[in-house]
Each structure stands twice: as structure tokens, then as C-alpha cells.
Amino acid sequence: MLSLLDRWLKRAALEVQEYVRLLGTTANSVFTPPFYRHDVVEQFDAIGVQSLTVVLLTGFFTGAALASQSGLTLDKFGARPVVGQLVSASMIKELGPVLTALMLTGRIGSGIAAELGSMMVTDQINALRALGTDPIRKLVVPRVLAGFLMAPLLTIVSDFVGILGGWIVARFQLQVSSSIYWSSVTKALYTQDVWQGLIKPFVLGFVIVTIACHVGLRTSGGTQGVGKATTVSVVAGSVAVIAVDFFVTQILVATIY
Amino acid sequence: MVEQSAERLTAQQLLDEPGAPVIVFDKVQLAFDDKMVLKDLSFTLLKGHTKIILGASGSGKSTALKIITGLLRADAGVVWVNGQRVDQLTERQMMSVRNDLGMIFQEGALFDSLTVRENVGYKLYEETNMPIAEVDKRVEEVLGFVGLREYLHRMPSELSGGQRRRVAIARAMAFKPRILLYDEATTGLDPITATTVDDEIIKLRDLESVSSIVVTHQLRDAFYVATHMAKPGPGGAVRIVPATPEKEREAEFIMLRDGLICFEGDADALRRSTDPYIQTFLS
């Protein structure tokens with residue numbers, strides 16, 4: 001039993017060590033040549049533009065459901081007109097960043113782990129190295145940059161369509177007038193909330209992509225290993241999103257408010 | 001007098017001499033966890049020669065190639081490539097060593113999101129400043145060498161096993177390395193297709209003066225490469241003919257068993273060996 005725990009701890013420590021090493025090498029590679037600009041552009045498209053549909057749909061329906069649910073509760077206090085406040089505050093501070101990050105984990109986290117994992121088990125990563133290309137610079141850096149910079153943009157889009165979804169429900173289901181809804185949306189927003197909603201996705205985007213790259217590059221064991229890596233990437237990424245969101249929230253609440 | 005002129009030669013000039021050692025393995029050891037994969041492995045590859053490493057699965061053949069290219073790091077021992085000690089180089093420092101090393105992986109390891117053209121020209125497109133037109137010309141040239149010029153725009157998934165290996169050879173030779181490492185280049189191929197791959201190995205060795213290490217457990221291919229040579233024929237055609245005794249001696253066999261060399265010598269000596277393990281392997 002003790003040796004089992006011992007082995008598990010050693011494995012966990014090794015994973016953390018390798019993850020930290022990947023972060024260090026990636027940070028160094030971002031600022032030193034060679035750069036693979038073409039791959040960076042490609043990843044901005046793959047991670048950013050191609051995730052737009054899923055983020056739009058998630059954001060819209062989350063905002064709409066939130067307005068619908070909170071309308072019922074607010075009615076008990078005769079506060080139906082403030083539904084806009086609730087939707088905007090929830091979307092911008094919490095739901096927008098977290099749900100966008102979770103969607104990205106499902107879409108790009110699994111994709112990156114599967115792609116890099118397949119390249120590992122078919123020796124393509126070794127072939128890259130043998131041809132004089134550093135896989136971190138060629139494969140990891142473009143994905144990390146794209147994840148880091150596109151997650152905030154996608155979150156802004158998600159926040160906006162979420163509030164829009166909330167407006168449609170407020171206007172047509174809850175019968176709240178448009179002017180009351182939109183004025184309550186802006187009334188509840190403080191600059192600090194906006195900062196919180198903007199800073200979080202940078203961190204979450206970075207975490208999702210680095211976890212996926214780490215898991216992908218540690219894949220072994222053929223096609224079964226690739227499947228396992230994909231699952232691990234999504235599970236670890238999703239848990240990390242929720243946990244990191246909590247800690248970042250604590251830090252931001254303590255520093256910017 | 002001769003000694004004095006030899007002293008004046010630079011290291012690079014010495015390496016350019018025929019028969020100079022291009023790869024030296026000196027008491028190399030490597031273990032994965034508790035399993036010792038290579039135990040005191042020592043051998044030398046001479047310029048223009050072929051070293052054929054035979055052995056059962058798990059005997060450490062592919063591991064030796066990965067140590068040469070720096071994909072794996074030896075636990076102990078010294079490795080020299082082109083006069084440079086490589087066993088302690090960092091990944092970044094290894095990049096310059098790899099400019100003169102080409103490796104053909106098992107199954108080819110082609111980049112499946114790139115076309116044949118992009119695969120073959122990968123290093124020249126991505127890692128050099130060579131103009132695109134020149135890269136394209138070189139890609140067509142090497143694809144012509146392996147007889148796949150018309151497959152330029154195909155994806156790797158559209159190629160047969162043999163074609164994939166030949167594209168992998170073209171990719172490895174596109175940047176004109178002086179050393180090529182073949183890791184089970186014919187495994188899983190039918191004998192006829194395997195012969196086309198063997199012919200490319202022979203042509204590269206004899207026409208392009210490439211030093212090579214061929215790792216395989218396919219005896220038929222090993223002996224074919226060792227006992228044949230390429231001869232330029234009329235009109236640029238290349239003929240594969242039985243090797244002269246001198247040429248045959250340029251191909252040396254190494255047999256690995258449990259990470260140790262259990263045989264080293266030419267094709268004749270291997271055939272005549274009375275070692276029971278080798279006899280079993282050859283039968």
C-alpha cells in the first residue's frame with residue numbers, strides 16, 4: 001500500500017516537474033528565435049476563429065437561461081427589472097470566462113492532445129527533432145500564444161452574446177422593456193468587474209493549452225495512449241479551469257477591488 | 001615526411017579523408033528504469049561505409065540510432081559524430097550536428113498534415129534560407145531519385161507502405177547529409193517493395209557517397225545491401241549489380257544481443273559464424 005502511494009507520488013512529482021520544464025522552455029522560446037510565424041497564424045485561426053461558433057452558442061444560451069431562471073427568483077422580490085444587472089455581472093465576472101474556457105478545453109484541449117499525441121506515437125516528433133526543428137518552438141509556442149491571446153477575445157464575444165441572449169428573454173418572456181434592461185446591464189458594471197472578466201481568460205487560455213501540450217507530448221502506448229491522452233487533457237484541463245478560476249478570483253478580489 | 005603532412009591536416013580535412021571515422025561509439029550504456037538496453041556498445045562507422053546492425057526486437061538497435069541523433073542520451077560512454085563529441089550536447093547544440101545526419105524512421109514518420117512535397121522539402125523550407133524555387137527543384141530532384149516524382153502533391157495517407165519509406169528516404173536526403181541512419185526501413189514490406197527501398201540505400205551509398213547505418217532484423221535486406229552495388233549506366237540509368245569483393249568489405253555487420261555486440265564482421269564472416277545464437281538467427 002505504501003509502495004503504491006510512493007509510486008503515485010513520484011509519478012505526480014514527475015508530471016509537475018515536466019510541466020514546469022515545459023513552461024520554462026516555452027517562455028524562453030517565445031522570446032528567442034527561430035520563430036515559426038506561419039504556424040502562429042494557423043493556430044490563431046484554429047484556436048480562435050474556429051472556436052467562434054461553439055463560444056457564440058454557449059454564451060447566447062447561457063445568458064438566455066440565466067435571465068429566464070433569475071427572472072423567476074427576482075419576481076419573488078418584485079425585482080424583475082434588475083435582471084440585466086444579474087445577467088451582465090454573472091456573465092462578465094464568472095460565467096463568460098469559465099464557460100468559454102471549458103468549451104475551449106473540450107474543443108482545442110482535446111484536439112491538441114490528440115494531435116501531439118499521435119505525432120509522438122508515430123515518431124513524427126522525433127522526425128521533427130532529427131530534421132533540426134525544436135518541437136516546442138514549432139508546435140507548442142504557436143498554440144500557447146494563440147490560446148493565451150484568443151481566449152480573452154472569445155470571452156468578450158461570449159459575454160456580449162450572453163447579455164444579448166438575456167435581453168431577448170427579458171424582453172419577450174419576462175416583458176422587461178429594452179431600455180430598462182440595457183440601463184441595468186451597465187449600471188451594475190464596475191471597472192474592476194470588467195478587469196476581472198478580462199484578466200481571467202488570459203490565465204485560463206494559457207492553462208488549457210499548456211496542459212494539453214504537456215499531455216500530448218508525454219503520450220506513449222500507441223493509439224490507446226492517444227485516446228487516454230485526449231481524455232486526460234480534457235479532464236485535467238476542465239478541473240484546472242475551475243480551480244484556477246477560484247484562485248485567480250481570490251487574487252483579483254484582494255488586489256483590484 | 002608523411003607524418004608531418006598528416007599533422008598539418010585540420011580536423012575537417014582528416015574527416016574528409018576516405019575511411020575517416022564519421023561515427024564512433026565508445027562503451028555506450030543506456031538503461032530504461034531497471035532494464036539495461038545497451039551495455040558497453042562500441043563500434044566505428046567509416047566514411048563511405050555501411051554498418052548493418054542486426055538483432056532481435058528489443059536488442060537495442062534503434063536505441064543506438066536515437067543516441068547518435070541525440071534523440072536519446074546515453075547514461076555512460078562517448079559518442080562522436082563527424083569529429084564532434086555529441087553525448088553531452090544540449091538539444092540546441094545538437095541541431096548543428098543534425099544538419100549532417102539524416103534518419104529514416106520505422107513506418108517513415110512522415111508528417112501526415114503535409115503533402116509529399118512539403119514533407120520532402122520540410123527542412124529546406126523551414127530551417128534554411130534557400131529560395132523556394134531552389135527548394136522545389138531539389139525536392140523534385142530527390143523525388144526523381146527515389147522514383148516518386150509524380151507523387152509530389154499526394155498526402156502521405158494516399159501512399160503505399162513502400163512509397164512512404166521512399167518518401168522518408170527522400171526527405172532524409174533532401175538536405176544532402178553525409179550520414180544516413182535507417183531504422184527498420186524495410187520492416188513490414190513485401191520482398192519486392194523492400195528491394196526497391198534497399199536499392200535506394202545502395203544508390204545513396206554508392207552514388208552520393210553517403211555513410212550509412214542500417215538497422216534491421218530482415219536478413220534478406222541486410223545481405224542484399226551488403227552484397228550489391230550501384231553502377232551508373234548509359235543515359236543516366238542506374239544498375240544494381242553484385243558488389244565486388246572490395247565493395248563488399250565496406251559493409252560491416254554488427255549483431256546485437258541483449259545490448260552487447262555478439263558478432264562484428266563482413267557478410268562472409270557472418271555466414272561462416274558457428275555461434276549457435278547467430279546460426280539460429282540466420283536460419
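**View 1. Chain B and its overall dimensions.** In this predicted model, local features need pLDDT of at least 70 and side-chain atom pairs count only at pLDDT 80 or more, while totals for chains, interfaces and linings use all residues. Chain B has a radius of gyration of 19 Å (taken over C-alpha atoms), which agrees with the value near 19 Å for a compact globule of 283 residues, the globule rule being 2.2 Å times the number of residues to the power 0.38. The C-alpha atoms of chain B fill a box of roughly 50 × 50 × 50 Å along the principal axes. Residues are numbered from 1 along each chain as its sequence is written, and chains are lettered from A and ligands numbered from 1 in the order in which they are written.

**View 2. The side of chain B that touches chain A.** Here 16 residues of chain B are in contact with eleven residues of chain A (C-beta atoms, placed from the backbone, within 7 Å). Both α4 (91-98) and α6 (122-127) of chain B each supply at least two residues of this side, helices being DSSP runs of H or I with at least four residues, numbered from the N terminus. The most comes from α6(B), with four residues.

**View 3. Two helices of chain A.** The axes of α3 (residues 52-76) and α6 (residues 135-172) of chain A come within 7 Å and cross at roughly 40°, the axes being lines fitted to C-alpha atoms over the stretch in contact, with angles from 0 to 180 degrees between N-to-C directions.

Note on methods: Contact = placed C-beta atoms within 7 Å.
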